[in-house]
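Dear colleague,

Please find the structure below, handed over for your work. My notes on what was found in it follow directly after.

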Amino acid sequence: MNIELRKLTIEDYNDLRESMQQAYLDSGNGLWSKAKIQNLLNIFPEGQLCIAVDEKVVACSLSIIVDYDIFGDNHTYEKITGKYSFSTHTALGNVLYGIEVFVHPDYRGLRLARRLYEARKELCELLNLESIIAGGRIPGYHEYAEQLSPRQYIDKVKAKEIYDPTLSFQISNDFHVRKILKNYLPGDLESKEYATLIEWNNIYYHDNVSPRSAQTIRLGLVQWQMRLFPNIEAFYEQVKFFIDAVSGYKSDFIMFPEFFNTPLLEPYNHLPEKEAMKKLADKTEEIVQKLQEYAVSYNVNIIAGSMPVKENGKLYNATYLCHRNGLTEDYRKIHITPNEQKYYGMSGGDKIGVFDTDCGKIGILICYDVEFPELSRIYADQGMQILFVPFLTDTQNGYTRVRHCAQARAIENECYVAIAGCVGNLPKVNNMDIQFAQSAVFTPSDFAFPTNAIKAETTPNTEMMLVVDVDLHLLDELHHFGTVKILKDRRKDLYEVKLLK
């Protein structure tokens, strides 16, 4: 599955029409004509968004900008859209007005509507508009209309005593009900022609300046507590908890630590370590598939710590980048520690290269790999901006090596480096008994960055989550105008680092 959120084009209309027909099968709503969609694209292309799954448009949101003071709260859908001509749109307006959101029923459950809502919010911030306002249907109201007034119904939905498929979703996405509208959309029998006037306020709105740069990327790091799980479903629940929490903060990435799934070794503790690790490797495909589902449904890129993988009779230590668009890529640890060789017979990977994501180019190294500067230098030459390092260290000595090497990689490669590790004790699992970690995000060392080159760090040896914003624009400035220019000032006439295969 390949999921892409992008601007709508007129070439998408056939897919759009089919999805509209399926979405409105039971509601009786009319369909947007091709001429009206073309009109919207002509006057405000940035506001017309869609989601394509495997290149087929299955979800869409349409919007215009209005001068809300002209209309006020007592408007109808027909009035706010200029009798569906969209003549009310003005680039000088102060409100992004939502006129449509729908998802093909076959693709519900993937949280595609949430992606569209988040994209609208980003657009509102980018255009420095005061708020997003829309008239929302309450399709569940007809079941309660004889017992409850619209206000009573809405109050019960707010209190989660009643679930309304539209209003419950809008409230969960930080919209509040501003007013109840009567006769907003004639013919909407499910809502009894009532609607909620919903609003999301842009807290960044200020003097025609949008403070959030498109170059600001939000990272979520999980400092994972090693604990035994009664079954794999309990493990998934703990993983999902962190993904849900990080997604709630609109993070672009979430990273788990190296071998974070080794608590699942407990049933095999009677076996030699290598055989037990092979048993754990049998679960990797299932776990990765589950993580990819979470990446799509929670709209966050997941760096899946690391897990054992079997291939051609060999064991590898691999991590997986689960893109939020549905794609999955992997990286296998290049440098294997003596401990991994002795107890598990691990083999080293042989593929090195950056990953292209929707937030720029990133690199991934697993624990011991970060202690070899050649790898990250190759990444830097390929355009890496953020280096992710899931790690697992038992003692503070081992952690110190990882930490200081990661800090050096950030400085010498003019990039951000994020590290995340496991903490706590793990009885009943051989060779995984103790852990030490303090997860962190490191920066280059120049005036635009913290004086100690540490953007943020966790409390040592405590399970927690770290959410950090990094500004890629600062890396560009450093590269061209820094106090020192490490990447530019290398003496390539004397030395070089190059990839041999």
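The lining of the second largest pocket consists of 9 nonpolar, 7 polar and 7 charged residues; here Ala, Val, Leu, Ile, Met, Phe, Trp, Tyr, Cys and Pro count as nonpolar, Asp, Glu, Lys and Arg as charged, and the others, Gly among them, as polar. Of the 23 lining residues, Thr337, Asn339, Leu392, Thr393 and Asp394 lie nearest the centre of this pocket. Two or more residues each come from α11 (338-344), α13 (396-412) and β20 (434-435), and α11 gives the most, with 4 residues. The pocket has a volume of about 500 Å³. A pocket is an open set of points on a 1 Å grid over the protein atoms alone, where a 1.4 Å probe fits, with protein on both sides within 12 Å along at least five of seven lines; lining residues have an atom within 4 Å of a point. Grid points are joined across faces, edges and corners, and the volume is the space filled by probe spheres set on them.

The model is predicted: local features need pLDDT of at least 70 and side-chain atom pairs count only at pLDDT 80 or more, while totals for chains, interfaces and linings use all residues. Residues are numbered from 1 along each chain as its sequence is written, and side-chain values use heavy atoms, with hydrogens and water left out.

The chain holds 14 helices and 23 strands, taken as DSSP runs numbered from the N terminus (helices H or I, at least four residues; strands E, at least two). Of its 501 residues, 53% are buried, that is, under 20% relative accessible area with a 1.4 Å probe, protein chains only. Along the principal axes, the C-alpha atoms fill a box of roughly 75 × 55 × 40 Å.

In helix α5 (residues 112-126), 13 of the 15 residues are buried, so α5 is largely enclosed by the rest of the structure. After α5 comes Asn128, with a positive phi near 55°.

With kind regards

Technical notes. Buried < 20%, exposed > 50% of the residue type's maximum accessible area, 1.4 Å probe, protein only.
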